[in-house]
Amino acid sequence: MDNLLVMKFGGTSVGSAERMKVACDLIAEEAARRPVVVVVSAMSKITDLLLDATRHAEAGDQAGLDYDLHQLELRHFTAADALIPALSKNGTSRVREQIGDIVSEFQRIVNGIQMLGHRPPRTVDEAVSAGERLSALLISEHLKSRGIAAQAVNAAEVIVTDAVFNNASPLMDATEEKANARLIPLLKACEIPVVTGFNGATADGRPTTLGRGGSDFSASILAA
């Protein structure tokens, strides 16, 4: 793939609907000239919120957990309402449903933590990737609303890592194979992959994360 550009947007750059619109302006400008892969972090402070929710679950603090879940959903619903035209045939209501699905999946995981009474590192990795998945959804859907072909991609489908949960390292040969299989067809179809930063999966599919600040690492891995 010639002249490929990997663009990475951190938490502040996707921290609100307004910032996401600016990010999408930059993406659209570059995508008009060359193939682009986008890597996104969670919205600012969302990873901390997710970790806080896992701690409330571990402690059996239902009120604290419910508050965090509400804030998680509310912040992304608010952004979706601003990013995707409400009158669009495939507009806000559909995206709200997809947000709800990701939040429900996160809730299922933290409910498991609450039942166990502790936070296994593997489970935390699976939980905290929800933030990046929500950002990738919002960015890709806003691009689509502007007539730009894009698709949210979970990096667990692309980046293969070892099993050091919370601080995994990439296995580059396996990652190259998966990246070529998952991303190259999208790029050849002139579709922008919007990939979650920070997370990956082991060769047998167990979710991992690359450590705090791992979204920068994700972009470098994909660029390589």
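This is a predicted model: local features need pLDDT of at least 70, side-chain atom pairs count only at pLDDT 80 or more; totals for chains, interfaces and linings use all residues.
Lys144, at 40% relative accessibility, counts as partly exposed. Both Glu141 and Lys144 belong to helix H6, where they are 3 residues apart, or about one turn of the helix. An α-helix has 3.6 residues a turn, so residues three or four places apart point the same way.

## Other salt bridges

The whole structure contains 12 salt bridges. One of them joins the side chains of Arg146 and Asp25 at 2.8 Å, N to O. Arg146 sits in the loop between H6 and E3, while Asp25 is in helix H1, so this pair ties together parts that are 121 residues apart in sequence. Arg146 is partly exposed, with a relative accessible area of 35%, and Asp25 is also classed as partly exposed, at 41% relative accessibility.

A salt bridge also forms between the side chains of Arg133 and Glu105, at 3.2 Å from N to O. Because Arg133 is in helix H6 and Glu105 in helix H4, the pair ties together parts 28 residues apart in sequence. Arg133 has a relative accessible area of 21% and is partly exposed; Glu105 is partly exposed with 29%. Elsewhere, Glu29, Glu30 and Arg33 are linked in a network of salt bridges.

## Helix H3

Helix H3 covers residues 62-83.

The buried residues of H3 are Gly64, Leu65, Asp68, Leu69, Leu72, His76, Phe77, Ala79, Ala80 and Leu83. These buried residues pack against four helices: H1 (17-31), H2 (46-59), H4 (92-116) and H6 (130-145).

In soluble globular proteins, nonpolar side chains tend to be buried together. Here the largest nonpolar core has 51 residues, and Ile99, Phe106, Leu138, Ile139 and Val194 have the most contacts inside it. Helix H4 gives the most to this core, with 8 residues. Apart from this core lies another, of 18 residues, with Ile159, Leu183, Ile184 and Ile221 among them.

Which residues is Val194 in contact with, leaving aside its neighbours within four places in sequence? They are Val38, Val40, Ala136, Ile139, Ser140, Leu143, Ala150, Gln151, Ala152 and Val153.

Four strands form an open sheet in the order E1-E2-E5-E3, with parallel pairing. Strands E1 (5-9) and E3 (150-153) stand at the edges with a single partner strand each, so one side of each is left without a neighbour in the sheet. On average, neighbouring strands of this sheet are turned by 20° against each other, direction ignored.

E1 pairs with strand E2 (residues 36-40) in the parallel sense over 5 bridges. Leu5 has Val36 of E2 as its bridge partner. Helix H7 (residues 172-188) lies across E2, E3 and strand E5 (192-196), and runs at about 170° to E3.

Note on methods
Residues are numbered from 1 along each chain as its sequence is written. Side-chain values use heavy atoms; hydrogens and water are left out. Helices (H or I, at least four residues) and strands (E, at least two) are DSSP runs, numbered from the N terminus. The expected span of a helix is 1.5 Å times one less than its number of residues. Buried means under 20% relative accessible area, exposed over 50%, partly exposed in between (1.4 Å probe, protein chains only). Contact means heavy atoms within 4.5 Å. A nonpolar core is a set of buried Ala, Val, Leu, Ile, Met, Phe, Trp, Tyr and Cys residues joined through side-chain atoms within 4.5 Å. Two strands pair if DSSP finds at least two bridges between them. Axes are lines fitted to C-alpha atoms, for helices over the stretch in contact, and angles run from 0 to 180 degrees between N-to-C directions. A salt bridge is a side-chain nitrogen of Lys or Arg within 4 Å of a carboxyl oxygen of Asp or Glu.
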